Amino acid sequence: MRISKRPTLPTASTIIHRVIAQRQVSVVYQPVVDLRTKRIFAYEALVRCQVPELASPLALFDAAVAGECAGELGRLIREIAVENVGSHALFLNIHPAELNERWIVQPDDPVFAHDRDVFLEITEGVPLSHFALCQSMLRELRGRGVHLAVDDLGAGYSNLKYIADLHPRVVKLDRKLVTDLVGNSRMFSLVSGIVVLCKDLGALVVAEGIETTEELEAVRDAGAQYGQGYLLARPEFPPPPIIWPVLGKRGPHSIRSPRSMPPKQSASNLSGRLSGPTSARSEAGRASSRPPPSRRGSVPARRSSRAPSTRKK
Ligand code: C2E
Ligand code: MG
Ligand code: MG
């Protein structure tokens with residue numbers, strides 16, 4: 001008896017090799033905004049895949065890990081991200097599997113060719129034991145002028161030891177902390193305390209996922225120097241400008257009692273706020289509609305004397 005062979009469906013780990021070979025990925029950029037000057041400090045590159053099954057960055061990297069090509073994928077993303085960001089400082093997400101494969105420290109990696117500051121974001125969700133193995137590689141990167149950033153602090157894996165061990169130049173507060181901040185005085189105390197701790201350790205603080213004016217005011221009050229979120233700009237290609245929203249009439253740094261806070265105003269309720277860079281926009285409250293050219297060495301100096309140099313070698 002002949003057994004007919006059924007065609008097998010390609011698995012995600014098979015598809016991923018085609019995705020890389022055919023460069024079926026692109027990058028969108030989201031501004032990281034200086035909350036004091038209201039200007040763009042840098043852009044974060046976020047990968048997008050044209051293949052529907054791998055549209056989510058997390059699914060894409062899961063497939064790459066399964067296909068043992070996370071290093072290759074990361075390298076391709078960095079190439080595209082550096083090529084299209086222009087003269088701006090750049091935040092790049094790094095999957096822990098990329099550190100295993102030592103791709104990132106190859107001398108011809110695009111991060112070393114970028115003429116502005118580069119920050120490599122490492123998520124706090126990765127076991128610290130893994131980082132112990134990667135310490136020498138991370139030190140090497142720092143020594144070559146690349147900054148480290150801890151991503152998603154407060155996302156549920158909270159381990160403040162990362163901040164002490166990794167010597168990050170930047171700590172990014174997860175959106176979860178930002179949403180819980182509004183109207184919650186205990187959370188406000190917690191986040192303000194985390195910000196002080198980060199600053200004492202020489203790290204700049206970025207609040208992620210700011211969607212409302214109340215969240216923007218709260219993170220500023222809590223001391224975060226930088227912010228990112230749909231309220232200011234969605235991730236887009238080409239790197240989008242920001243529109244600074246009209247805030248309440250109080251002083252910029254007064255700490256408001258959470259009980260007196262008004263109901264949330266969502267980003268989508270702000271007229272014209274989420275339009276793309278080419279759409280008509282209200283001039284009201286507009287602070288910076290075009291990203292200023294960033295300057296080399298624009299990263300503020302650390303307070304700590306133990307801080308590594310922020311200049312590239
Ligand atoms: P992440 O690095 O923490 O990136 C922030 C995520 O939040 C992005 O989702 C972004 O689009 C989204 N976001 C930005 N502002 C807001 C906001 O105001 N509200 C809400 N609700 N979300 C906001 P995305 O692009 O789907 O990426 C998800 C995660 O996938 C990233 O989290 C990062 O961990 C990973 N990822 C994305 N791109 C890359 C990449 O190029 N390489 C690696 N290794 N990981 C990546
Ligand atoms: Mg990130
Ligand atoms: Mg994050």
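Predicted model: local features only at pLDDT ≥ 70, side-chain atom pairs only at ≥ 80, totals over all residues.
Residues are numbered from 1 along each chain as its sequence is written, and chains are lettered from A and ligands numbered from 1 in the order in which they are written. Local features need pLDDT of at least 70 and side-chain atom pairs count only at pLDDT 80 or more, while totals for chains, interfaces and linings use all residues.

**Strand E3**

Helices (H or I, at least four residues) and strands (E, at least two) are DSSP runs, numbered from the N terminus. Strand E3 covers residues 90–94, and five of its five residues are buried. Buried means that 20 or more other C-beta atoms lie within 10 Å of the residue's own; exposed means 12 or fewer, and partly exposed lies in between, with C-beta atoms placed from the backbone.

In a regular strand, side chains alternate between the two faces of the sheet. In E3, Leu 90, Leu 92 and Ile 94 point one way. Phe 91 and Asn 93 point the other way.

E3 pairs with two strands, E2 and E4. Pairing requires at least two DSSP bridges between the strands. Strand E2 (residues 39–49) runs parallel to E3, with three bridges. Glu 44 has Phe 91 of E3 as its bridge partner. Strand E4 (residues 118–123) is also parallel to E3, with five bridges. Here Leu 90 is partnered by Val 118 of E4.

**The core**

A nonpolar core is a set of buried Ala, Val, Leu, Ile, Met, Phe, Trp, Tyr and Cys residues joined through C-beta atoms within 7 Å. The largest one has 80 residues. Leu 90 is among those with the most contacts inside it, as are Ala 45, Leu 120, Leu 173, Val 205 and Ala 224. E2 supplies the largest share of this core, seven residues.

Contact means C-beta atoms, placed from the backbone, within 7 Å. Leaving out residues up to four places away in sequence, Val 205 touches residues including Val 171, Leu 173, Val 195 and Ala 224.

**Backbone details**

Glu 68 counts as partly exposed because it has 14 C-beta neighbours inside 10 Å. Asp 152 has 23 other C-beta atoms within 10 Å, so Asp 152 is buried.

A cis peptide bond joins Phe 237 and Pro 238, with omega about -5°. Pro 238 lies in the segment after strand E8 (226–227).

How values were computed:
Contact = placed C-beta atoms within 7 Å.
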